[in-house]
Amino acid sequence: MTNSFQLNETTITKIQQTIESGDLTSLELTTMYLKQIAAYNSKGPNINAVIEVNPDALHIAEALDAERSKSGSRGPLHGIPILIKDNIDSGDKMHTSAGSLALDNHYAREDAFVTKQLRKAGAVILGKTNLTEWANFMTEGMPNGYSSRGGQVLNPYGPGSCDVGGSSSGSGAGVAANFAVGAIGTETDGSILSPSSSNSLVGIKPTVGLVSRTGIIPIAHSQDTAGPMTRSVADAAIILGAITGLDQTDVATRTNTDRITDYTPFLNKAGLANAKIGVPASYLNELDDPELALFNHAIKDLEKLGATIVDSIDLPSDLPDSSVLYHEFKNGINAYLGRFPANSTVRTLRDVINFNQTNANEALEYGQTTLIKSETKDGTLADDEYIMDRLTDLSFSREKLQEVIREHKLDAILFPNYYGSSIAAKAGYPSITVPAGYTSSGKPVGVTFTGLAFSEAKLIELAYAYEQGTHHRKPPEL
């Protein structure tokens, strides 16, 4: 291995170039990441992003080196260590727990579709990341990044002072701290975009149906999706292409009729030339003065890079109250847990609630109000409250986004941080978050581009042009 290879802030392309030159192996790379985890995950700043390391990671890396030597590379992810969130099934020697002590002994029977796609592409599944317990669908008032099984994830840009974001907190903090080149997060509403923005990362929340939901512990089938979290748009584009695919067990993936499996052709530095981007003023009220200054600076940068900004587009930030997530969580989690062995002590949402009550000292640091509220629903999805709320969510969000984008002929809508996540989540539409700088106190700030269904290619083009024209990201000082 060459001494000139720098692990921190490296990219997938740089790694592949170094491996192909003979100056690095996947085994050496995986070893370097494990040393980084050992130094900073539970020691030093105690980032606590990785909840479990894959015991076979080094063997997998060595096997992929042997395969490369014999038959060549599978593609850009061959031999690349990737972390996955601990609500994504892996049919190996790692648990899948959603951060809950109730699932402390749960091993999935097989890989999630996303995990299969990563392995097929040649990725090394390095480990599982900590998260806000039950993907932040457990209780009110739980800090972002806390789980009873994994403890508290800290933001490497300000451990204990900067919010780490949720619920894919470990994926965000781990990639920011250079524990892996990238990670997979999941989002129902903001759970990829929030920690990406908070940890100065690129995060892609795909259109529901672009990436299979099979094998992911659910919150709501209408909004759940997995997506990449990386330090660069190019790396996110590479990983997104690898995890997409038609899954016969997930009907939503059949809605993607014009499937793209390689998003790298859309990495266009001139992608903002003649682009038209709308800014909804109603979403700026949540920003403090330093954040607003950075957002306004981002708008000026977009204009310098060739974009036309349409100010103060009319997009509501107050959305109708909805019961959808509570109904769908009970339905989805009972179906997921119901596939556990018959002798399992946890096979329903009620079992989880009872377990937590029995083990309250360890499992209920912040309560379980959300789980209890979800348990009051019938779980059949036949309730009139659910049906009408679901139809309202869908029609309101899609109509508002389609109306404003088509009226102004926009390529995307720009939000500060992750603040437009809810309306896009209810619509099932995609977003991408990119670093936009730091406040004087060192707090990361991001901007999010949102578009209509399956517009990931355009969003990647816009985000890449902004990233390459500004180069805001800088590593945390661990």
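**Exercise 1. Determine which exposed residues lie on the face of helix α1 turned away from its buried side.**

Solution. The face of α1 turned away from the buried side carries Q17 and E20, both exposed. Buried here means under 20% relative accessible area, exposed over 50%, and partly exposed in between, with a 1.4 Å probe and protein chains only. Helices (H or I, at least four residues) and strands (E, at least two) are DSSP runs, numbered from the N terminus. The model is predicted: local features need pLDDT of at least 70, side-chain atom pairs count only at pLDDT 80 or more, and totals for chains, interfaces and linings use all residues. Residues are numbered from 1 along each chain as its sequence is written, and side-chain values use heavy atoms, with hydrogens and water left out.

Next, take the buried side. Helix α1 spans residues 12–20, and its buried residues are I12, I15, Q16, T18 and I19. They lie on the same side of α1 because they cover an arc of only 165 degrees around the axis, the arc being that of the directions from the helix axis to the C-beta atoms. An α-helix has 3.6 residues a turn, so residues three or four places apart point the same way.

Finally, consider the surroundings. The cover over the buried residues of α1 includes α2 (26–40), α3 (57–71) and α8 (233–243), where contact means heavy atoms within 4.5 Å. Just after α1, G22 takes a positive phi of about 90 degrees.

**Exercise 2. State in what order the strands of the open sheet are arranged, and which strands stand at its edges.**

Solution. The sheet has 11 strands in the order β1-β3-β2-β6-β8-β7-β12-β13-β11-β9-β10, with mixed pairing. β1 (50–53) and β10 (308–310) stand at the edges with a single partner strand each, so one side of each has no neighbour in the sheet. From one strand to the next, the twist averages 30 degrees; axes are lines fitted to C-alpha atoms, for helices over the stretch in contact, and angles run from 0 to 180 degrees between N-to-C directions.

Two strands pair if DSSP finds at least two bridges between them.

- β9 (residues 276–278) pairs with β10 in the parallel sense over three bridges, and G278 has V310 as its bridge partner in β10.
- β9 and β11 run parallel and are joined by two bridges; the partner of I277 in β11 is A412.
- β11 and β13 are antiparallel, with four bridges, and P416 stands opposite V447 in β13.

**Exercise 3. Describe how W134 and F329 are arranged and which parts of the chain they link.**

Solution. The whole structure contains 10 aromatic pairs. Rings of Phe, Tyr and Trp (its six-membered ring) pair if their centres lie within 6.5 Å; planes under 30 degrees apart count as stacked, over 60 as edge-to-face and the rest as tilted. W134 and F329 are edge-to-face, at 6.2 Å centre to centre and 85 degrees between the planes. The pair links distant parts of the chain, with W134 in helix α5 (residues 133–136) and F329 in helix α10 (residues 324–337), 195 residues apart. Both W134 and F329 are buried. Ring pairs also join W134, F137, Y326 and F329 into a cluster.
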